[in-house]
Amino acid sequence: MSITELFFAVADIWMVAVGFTYGIKFIRNYKNYLLGIEWIVVATSGTNFLIYGLIKAGHDSPMYAFAYFLDAFSRSTGITLILVLGLLKVTHRYKPSVVVDVGAFALAAVAGFLLSQFAEEIGTPGKIFYIVVNVLTTIFLIFFVKRLWDINERGHAVLAAVATACGFAIASIYDFVPIPGDDAEHTIFYIFALSSWGLQMFAYYRAYRAYDAYNKRTEDPAISGSAAVTA
């Protein structure tokens, strides 16, 4: 294993560990199925990607097609619409119905299927679509960071801002700007991408937890400053 492949494996394992750990916590601690399941989807994608890389499966492998589908799933709707709907639960006390939960993932599945199976036919418009939805999501995340700052959760605000900037940078170059010296499998790009996506899931969970604790304190002033935080 080369040093580049080692860094790729470490970045992927980081993302997988964060995705499964905090995905389960979102469901167990906050009943937030939108963020919990999406985090687990990303972790599942990373697991598939790691095995694909370790056994050096080819592009004709079902694992490659599965990775392509999950990538399109999260880039189109998962870490965009589903992320925003999930965070609205703390920023606006939004409580999505089961229909919304199921509908959001059904939409993500359809978008993932179309954008992965017909990527060549769709071409550049599909790649631009990914950037547009990422920009819209980033605008909401800037608002989320500001709200964290305003409620004096400034450490979480800074971490979420850094994670958002990294995610935006990855989305901006994903389909259009190759990294100089990278190989045909874009290993260097994926080292940065997997690290950034792991950082995003880590930062947003920590920020969500702090925001939820703030909401509980303001709803019930009798609750002490740290009592509502769940590990």
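On a 1 Å grid over the protein atoms alone, a pocket is an open set of points with protein on both sides within 12 Å along at least five of seven lines, while a cavity is a set of points where a 1.4 Å probe fits but cannot get out; lining residues have an atom within 4 Å of a point. Grid points are joined across faces, edges and corners, and a volume is the space filled by probe spheres set on the points.

The model is predicted: local features need pLDDT of at least 70, side-chain atom pairs count only at pLDDT 80 or more, and totals for chains, interfaces and linings use all residues. Residues are numbered from 1 along each chain as its sequence is written, and side-chain values use heavy atoms, with hydrogens and water left out.

**Pocket and cavity**

The second largest pocket has a volume of about 230 Å³. Its lining includes Asn 29, Tyr 30, Lys 89, Val 90, Arg 93 and Tyr 208. Helices here are DSSP runs (H or I, at least four residues), numbered from the N terminus. At least two lining residues of this pocket come from each of helix 1 (3-30), helix 3 (62-91) and helix 8 (187-219). Helix 8 supplies the largest share, 5 residues.

Rolling a probe the size of a water molecule over the atoms shows where empty space is left. In the whole structure, the search finds 1 cavity of 30 Å³ or more. The volume of the largest cavity is about 50 Å³. Among the residues that line the largest cavity are Ile 79, Asn 134, Thr 137, Gly 167, Phe 168 and Tyr 204. Helix 3, helix 6 (124-150), helix 7 (154-173) and helix 8 each give at least two residues to the cavity lining, and helix 6 gives the most, with 4 residues.

The table sets out the make-up of the two linings. Ala, Val, Leu, Ile, Met, Phe, Trp, Tyr, Cys and Pro count as nonpolar, Asp, Glu, Lys and Arg as charged, and the others, Gly among them, as polar.

| Space | Volume | Lining residues by class |
|---|---|---|
| Second largest pocket | about 230 Å³ | 3 nonpolar, 2 polar, 6 charged |
| Largest cavity | about 50 Å³ | 5 nonpolar, 6 polar, no charged |

Helix 6 has 27 residues and spans 39 Å from its first C-alpha to its last, close to the 39 Å expected at 1.5 Å a residue. The expected span is 1.5 Å times one less than the number of residues. Buried means under 20% relative accessible area, exposed over 50%, and partly exposed in between (1.4 Å probe, protein chains only). The buried residues of helix 6 include Tyr 130, Asn 134, Thr 138, Leu 141, Phe 144 and Leu 148. An α-helix has 3.6 residues a turn, so residues three or four places apart point the same way. Helix 3, helix 4 (98-117), helix 5 (119-122), helix 7 and helix 8 are among what covers the buried residues of helix 6.

Asn 134 belongs to helix 6. Asn 134 counts as buried because its relative accessibility is 16%. Contact means heavy atoms within 4.5 Å. Apart from neighbours within four places in sequence, Asn 134 is in contact with Gly 167, Phe 168 and Ala 171.

A nonpolar core is a set of buried Ala, Val, Leu, Ile, Met, Phe, Trp, Tyr and Cys residues joined through side-chain atoms within 4.5 Å. The largest such core has 52 residues, and Trp 39, Leu 87, Phe 144 and Tyr 190 have the most contacts inside it. Helix 8 provides the largest share of this core, 13 residues. Not counting residues up to four places away in sequence, Phe 144 touches Leu 87, Val 90, Thr 91, Ala 207, Tyr 208 and Tyr 211.

Most residues other than glycine have a negative phi, and most peptide bonds are trans. Arg 93, not a glycine, has a positive phi of about 55°. Arg 93 lies in the loop between helix 3 and helix 4, and Arg 93 counts as partly exposed because its relative accessibility is 40%. Asn 152 also has a positive phi, near 65°. The loop between helix 6 and helix 7 holds Asn 152, which is exposed, with a relative accessible area of 57%.

Met 1 lies in the segment before helix 1 and counts as exposed at 67% relative accessibility. Met 1 and Leu 54 are 53 residues apart along the chain, with 9.1 Å between their C-alpha atoms. Leaving aside neighbours within four places in sequence, Met 1 is in contact with Leu 6 and Leu 54.
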